[in-house]
Amino acid sequence: MSLSYVHPSPESPWGTYLMQVDRVIPYLGSLAKWAETLKRPKRSLIVDVPIELDNGNVAHYEGFRVQHSLTRGPGKGGVRYHPDVTLEEVMALAAWMTIKNAAVNLPYGGAKGGIRVDPKQLSLKELERITRRYTSEIGIIIGPHQDIPAPDVNTNAQVMAWMMDTYSMNVGATATGVVTGKPLHLGGSLGRVKATGRGVFVTGREAARRIGLNLDGARVAVQGLGNVGSSAAELFAQAGGKIVAVQDHTGTIANAQGLDLADLMPHVKASGGVAGFQAAEAIDNEAFWDVPCEILIPAALEGQIGAERARRIKARLVLEGANGPTTQAGDDTLADRGILVVPDVICNAGGVTVSYFEWVQDFSSFFWTEDEINLRLDKILVGALKNIWDTADRHKITLRTATFAVACERILTARQERGLYP
Ligand code: NAD
């Protein structure tokens, strides 16, 4: 029976996730009897987040924290501040975290949180107040051994510092391990800021090698030039790639000769987005999907590649930096066209992998060098992708279904071994 409190469409994040689970069931053997577990979040918390605005008025916001699965360990997943956040979206993002953490074999379940707010409308003080109140409200279910939040869209190390401080004040002891993605002075890890983009690059580099695509000279188009998109773009540019188009919430720019990130990034920081960058042509947002390129990196939001855009994409390789950027129909169209997709649940797993390193370092109070972090990250992602690739070859399935197969086997084996309580 489907859940009474959400009504997913085939294009919505939760609807997309449910179809992805259905696709993997034939490959689960006797574990399939536990598959329904994957279609129900273990725990969903909806909270009211009231704050006093700078002008003296009181505003209320909806906040969420969903723990999709705690079967393999504590919950783990980011916190998103965005005006479109809904319970259903957070459920899907939490579920994808369960799959991702299992796919790279991190000892975590999956969780996600969010506040339905446009943080760009808030002052820094208001942002701090909303973060502290939200953290207090979800404080009843998070903790270093229960559920460990991290940054996601529109949240960053400063927001994590406020979350850590609020939780610590409430429990009466400094608890650095309650969130990851913190500033370095507060138990953060070297390499965490760029880890997700690095993971996109590492998995992309491996996929490119396997399909005989040379990164030197490869044309790369990136949607979203935030934390994930900018770090990935930088690494592809360093490897000889040409960033030929970039889209963000302010517009789309293109330059067939390649955009110079050393000029573009300061422009984005100063003006808030790519729009108005002089050394490029401004193009229509929809034309982004027609840009000739070898590699396309969606690194913004969900549901960006449906069937229609998938028919137009020119790339050979799609690297899903974002969570859930491709609908099921889009995915099928890309597969029919022979375009290889490295799915989110492995492609953007670099962030949570270094979050895991941060959590381990916090507990041991012993910190690693950036080289150690990057080497271990590289090793874990390359190993995980190889395992997924072998599974895809064995069953003749897409990398997405193969990632789900590897992950779901781990999750459901743990489920079976733990048994049902009571
Ligand atoms: P961010 O807030 O740093 O950047 C988001 C980017 O998306 C910005 O460039 C913004 O302009 C752009 N954007 C927003 N709306 C857009 C629209 N309608 N059209 C085009 N561009 C738009 O966020 P981030 O942390 O880089 O996250 C991006 C994606 O990566 C999300 O799907 C997130 O869940 C996923 N992700 C992030 C992490 C992480 O460690 N930060 C880890 C795994 C996955």
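A few questions and answers on those topics follow.

Author: This is a predicted model in which local features need pLDDT of at least 70 and side-chain atom pairs count only at pLDDT 80 or more, while totals for chains, interfaces and linings use all residues. Residues are numbered from 1 along each chain as its sequence is written, and side-chain values use heavy atoms, with hydrogens and water left out.

Reader: How is H2 oriented against H13: parallel or perpendicular?

Author: Helices here are DSSP runs of H or I with at least four residues, strands are runs of E with at least two, and both are numbered from the N terminus. The axes of H2 (residues 87-103) and H13 (residues 399-418) come within 8 Å and cross at roughly 90 degrees; axes are lines fitted to C-alpha atoms, for helices over the stretch in contact, with angles from 0 to 180 degrees between N-to-C directions. Angles under 35 degrees count as roughly parallel, over 145 as roughly antiparallel, 65 to 115 as roughly perpendicular and the rest as oblique. So H2 against H13 is roughly perpendicular.

Reader: How many nonpolar residues has the contact of H2 with H13?

Author: Contact means heavy atoms within 4.5 Å, and among the residues making it are Trp-96 and Ile-99 of H2 and Phe-404 and Arg-410 of H13. For the classes, Ala, Val, Leu, Ile, Met, Phe, Trp, Tyr, Cys and Pro are nonpolar, Asp, Glu, Lys and Arg are charged, and the others, Gly among them, are polar. The contact has 1 charged, 2 polar and 9 nonpolar residues.

Reader: Which are the edge strands of the open sheet of 7 strands?

Author: Strands pair if DSSP finds at least two bridges between them. The order is S9-S8-S7-S6-S10-S11-S12, with mixed pairing. Each edge strand pairs on one side only, and the two are S9 (281-283) and S12 (340-342).

Reader: What stands opposite Leu-296 in S11?

Author: S10 (residues 295-298) and S11 (residues 317-319) run parallel, joined by 2 bridges. Opposite Leu-296 stands Val-318.

Reader: How much space lies in the largest cavity?

Author: On a 1 Å grid over the protein atoms alone, a cavity is a set of points where a 1.4 Å probe fits but cannot get out, and lining residues have an atom within 4 Å of a point. Grid points are joined across faces, edges and corners, and a volume is the space filled by probe spheres set on the points. The lining includes Trp-96, Glu-11 and Glu-302. The space is about 40 Å³.

Conventions:
On a 1 Å grid over the protein atoms alone, a cavity is a set of points where a 1.4 Å probe fits but cannot get out, and a pocket is an open set with protein on both sides within 12 Å along at least five of seven lines; lining residues have an atom within 4 Å of a point.
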